[in-house]
Amino acid sequence: MSKKHPIVAVTGSSGAGTTTVKRAFEHIFHRDGIRSAVIEGDSFHRYNRVEMKAEMAKAAAEGRNLSHFGPEANSFDLLAELFQTYGDTGMGKRRYYLHSDEEAAHHNEQLGTQLKAGEFTPWNDLESGTDLLFYEGLHGLVVTEEDNVAQHVDLGVGVVPIVNLEWIQKIHRDNLERGYSAEAIVDTIMRRMPDYIRHITPQFSLTDINFQRVPTVDTSNPFIARDIPLPDESFVIIRFRDPEQLHIDFPYLLSMIHDSFMTRRNTMVVPGGKMGFAMEVILQPIIERMMDARNV
């Protein structure tokens with residue numbers, strides 16, 4: 001961890017909704033004039049799209065499990081190295097994974113390259129003079145026998161919908177945005193499950209704050225759901241690992257977030273439609289204290 005060069009990690013699995021938290025942080029950074037070095041978790045995948053398909057076929061033929069959730073398909077050592085280097089110096093190396101033709105076109109224009117969707121940009125130095133590093137992806141607090149990414153994180157935020165809702169969100173996203181069939185998506189979910197249990201779930205015991213969306217409509221069979229439950233059809237459970245350390249003022253939060261309530265001494269519940277607002281109200285004072293600590 002580093003007071004001078006703090007690291008904020010938002011972690012959640014594919015389809016969990018980490019984008020909502022990322023947007024809340026972007027608003028905070030903009031209001032407070034904070035310069036962040038943004039790191040995308042997908043950039044630490046070990047293989048590009050073509051290579052991953054070949055490795056998956058090889059693993060299947062050998063009776064092995066391989067998924068983007070596990071260490072075999074990711075470079076956790078490079079992620080831990082980046083976090084440590086940034087914490088020490090405020091610098092490090094970054095690249096991007098190009099998810100789409102639009103992303104490829106944008107980066108090709110910036111870099112003068114001819115890359116395609118599913119490939120990585122070259123590694124480049126982070127811009128100098130940033131105030132903090134902001135990571136968003138699958139493995140912001142991952143710990144294995146070989147690599148401990150979590151030890152370098154100053155603020156860890158988990159985004160964890162209940163698993164049926166997470167599957168519904170993934171099924172709809174992969175079907176509508178990426179054109180995958182329902183059968184292919186279910187196969188992916190099943191193939192990833194062992195790595196999800198071993199390497200994704202344990203991170204949420206290490207996070208400082210978890211945001212878990214729970215729908216109030218029936219999601220018993222996520223594989224036949226016709227739509228994603230709306231924010232207003234859900235509650236968000238917010239769990240703080242150590243409220244005192246984060247200086248959480250629960251009376252203030254309850255007064256600011258209408259219809260919120262406490263369920264445990266470190267847990268509050270807010271209406272789903274207020275999730276983004278709640279994130280900003282909770283996270284902004286924490287980030288501001290981190291910025292103040294840099295100058296001490």
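Predicted model: local features only at pLDDT ≥ 70, side-chain atom pairs only at ≥ 80, totals over all residues.
Residues are numbered from 1 along each chain as its sequence is written, and side-chain values use heavy atoms, with hydrogens and water left out.

Let me begin with the sheet. Eight strands make up an open sheet with mixed pairing, in the order β2-β5-β1-β6-β7-β8-β10-β9. At its edges are β2 (36-40) and β9 (261-264), each of which pairs on one side only, and from one strand to the next the twist averages 20°. As for the terms, helices (H or I, at least four residues) and strands (E, at least two) are DSSP runs, numbered from the N terminus, and two strands pair if DSSP finds at least two bridges between them. In general, strands of a sheet pair through backbone hydrogen bonds, either parallel or antiparallel. Here β2 runs parallel to β5 (residues 132-137), and five bridges join them, with S36 standing opposite L132 in β5.

Now to the helices. Helix α3 (residues 76-89) packs on the sheet, where it touches β1 (7-11), β2 and β5, and its direction makes about 160° with that of β5. Helix α8 (residues 275-294) lies across several strands, among them β6 (155-159), β8 (234-240) and β7 (209-215), and runs at about 180° to β7. Contact here means heavy atoms within 4.5 Å, and axes are lines fitted to C-alpha atoms, for helices over the stretch in contact, with angles from 0 to 180 degrees between N-to-C directions.

Which aromatic rings pair up? A search of the whole structure finds 10 aromatic pairs, and one of them, F25 with F134, is tilted, at 5.1 Å centre to centre and 55° between the planes. This pair links distant parts of the chain, since F25 is in helix α1 (residues 18-32) and F134 in strand β5, 109 residues apart, and both residues are buried. The second pair is edge-to-face, because the rings of F83 and Y135 have their centres 5.8 Å apart and their planes at 85°. F83 belongs to helix α3 and Y135 to strand β5, 52 residues apart, and F83 and Y135 are buried. Rings of Phe, Tyr and Trp (its six-membered ring) pair if their centres lie within 6.5 Å, and planes under 30 degrees apart count as stacked, over 60 as edge-to-face and the rest as tilted. Ring pairs also link F25, F29 and F134 into a cluster.

Finally, I turn to two single residues. Is V21 buried or exposed? V21, which is found in helix α1, counts as buried because its relative accessibility is 0%, where buried means under 20% relative accessible area, exposed over 50% and partly exposed in between (1.4 Å probe, protein chains only). Leaving aside residues up to four places away in sequence, V21 touches V10, V157, V159 and M279, and its C-alpha atom is separated by 9.1 Å from that of F211, 190 residues apart along the chain. S260, in the loop between α7 (250-256) and β9, is likewise buried, with a relative accessible area of 14%. Among the residues that S260 touches, not counting those up to four places away in sequence, are L253, M268 and P271.
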